[in-house]
Amino acid sequence: MIHVRPERVNAVLGTDLPDDEMKRLLSALHFTVERVEANRLKVTVPTYRSDIEREVDLIEEIARLYGYDRIEPTLPRSSAVRGKQEGKMEQVDALRARLSAAGLDEVINYSFMNPKSLRNLGLAEDDPARAAIPILNPITEEMSLLRTTLMPGLLELLVRNLRRQITSVHVYEIGSVFLPESLPLRSQPEERPALGIALIGQAPSSGWGVAQRSVDFYDLKGFVEAALQELGVTTGLRRASHPALHPGRAAELVLDGRVVGVFGEVHP
């Protein structure tokens, strides 16, 4: 005894056969067909038809008797949709285009950092950025923490370039920082997207015949404002006190009473 679902028959064959027609076709093979539910037929197969074991075998018999030539060709149904980027991804791409057009080069640093980096920034012991997640199997000691800020990676990049006599560098990085709720971890950390910009040496030239000058606080401020404009965000600006930045040449971005960024000249 095998159960057949008329809806399944039509779905497999691409037909629109009524239940009575299926019953007639199967009965012609001397199969006993009974309706047990509104959407289910019970079929008893003679013992000499040992090749009929499953519902799909009965579907094949219905197709054979109905006539393969009578089954209209149809395209398979699919729930696939055209791929596209989410709004945030489009926003990040637009931000990349804006900063690249302004003269910055994009860099991608590791998501790991050196424990010494946080100490070199002069961060206080209770600073949230000091609460970095240790990696159980670090590649090296210099990559033993998940980064809580993009600043160490960008500063180290500037140092590597200076050691190779590359004295003018203008870069940005868009990446994630990892902020745990508490240590040791009891839940997944917050993976927060962040933007970092680093400048050193001569300012990006704005045209032919423009006199060269060194980058300063206002160059950085201009890039920050361009990024905010692209994101459609308006923030307040106030003097900042950050241990890694110059005491009189640093500012922080304030949005709805919350500090969302800091920028300035590196501390002497």
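This is a predicted model: local features need pLDDT of at least 70, side-chain atom pairs count only at pLDDT 80 or more; totals for chains, interfaces and linings use all residues.
Residues are numbered from 1 along each chain as its sequence is written, and side-chain values use heavy atoms, with hydrogens and water left out.

View 1. Three strands form an open sheet in the order β4-β7-β8, with mixed pairing. Strands here are DSSP runs of E with at least two residues, and helices are runs of H or I with at least four residues, numbered from the N terminus. Two strands pair if DSSP finds at least two bridges between them. At the edges are β4 (105-106) and β8 (190-200), each of which pairs on one side only. Helix α4 (residues 87-101) lies across β4, β7 and β8 and runs at about 155 degrees to β7. Axes are lines fitted to C-alpha atoms, for helices over the stretch in contact, and angles run from 0 to 180 degrees between N-to-C directions. Contact means heavy atoms within 4.5 Å.

View 2. Three strands form an open sheet in the order β9-β10-β11, and the pairing is antiparallel. The edge strands, β9 (236-239) and β11, each pair on one side only. On average, neighbouring strands of this sheet are turned by 25 degrees against each other, direction ignored. β9 pairs with strand β10 (residues 245-255) in the antiparallel sense over 4 bridges. Gly236 has Val254 as its bridge partner in β10. Helix α7 packs on the sheet and touches β9, β10 and β11; the direction of α7 makes about 150 degrees with that of β11.

View 3. The side chains of Arg238 and Glu252 meet in a salt bridge, 2.6 Å from N to O. Arg238 lies in strand β9 and Glu252 in strand β10, so the pair ties together parts that are 14 residues apart in sequence. A salt bridge is a side-chain nitrogen of Lys or Arg within 4 Å of a carboxyl oxygen of Asp or Glu. Arg238 counts as partly exposed at 44% relative accessibility, whereas Glu252 is buried, with a relative accessible area of 15%. Buried means under 20% relative accessible area, exposed over 50%, and partly exposed in between (1.4 Å probe, protein chains only).

**View 4. The aromatic cluster at Phe217.** Ring pairs link Phe217, Tyr218 and Phe263 into a cluster. The structure holds 3 aromatic pairs. One of them joins Phe217 and Tyr218 edge-to-face, 5.4 Å centre to centre and with 90 degrees between the planes. Phe217 and Phe263 form a stacked pair, 5.3 Å centre to centre and with 20 degrees between the planes. This pair links distant parts of the chain, with Phe217 in helix α7 (residues 217-231) and Phe263 in strand β11 (residues 258-266), 46 residues apart. Rings of Phe, Tyr and Trp (its six-membered ring) pair if their centres lie within 6.5 Å; planes under 30 degrees apart count as stacked, over 60 as edge-to-face and the rest as tilted. Phe217 counts as buried at 16% relative accessibility, as does Phe263 at 6%. Tyr218 counts as exposed at 61%.

View 5. Lys221 forms a salt bridge with Glu225, and the closest N and O atoms are 2.6 Å apart. Both residues lie in helix α7, 4 residues apart, about one turn of the helix. Glu225 is partly exposed, with a relative accessible area of 41%.

**View 6. Other charged side chains.** A search of the whole structure finds 17 salt bridges. Among them is the contact of Glu125 with Arg130 (3.2 Å, N to O); Glu125 counts as exposed at 65% relative accessibility. Arg49, Asp51, Glu61 and Arg64 are linked in a network of salt bridges. The charged end of Arg70 sits over the ring of Tyr66, 4.1 Å from the ring centre. A charge sits over a ring if NZ of Lys or CZ of Arg is within 6 Å of the ring centre and within 35 degrees of the ring normal.
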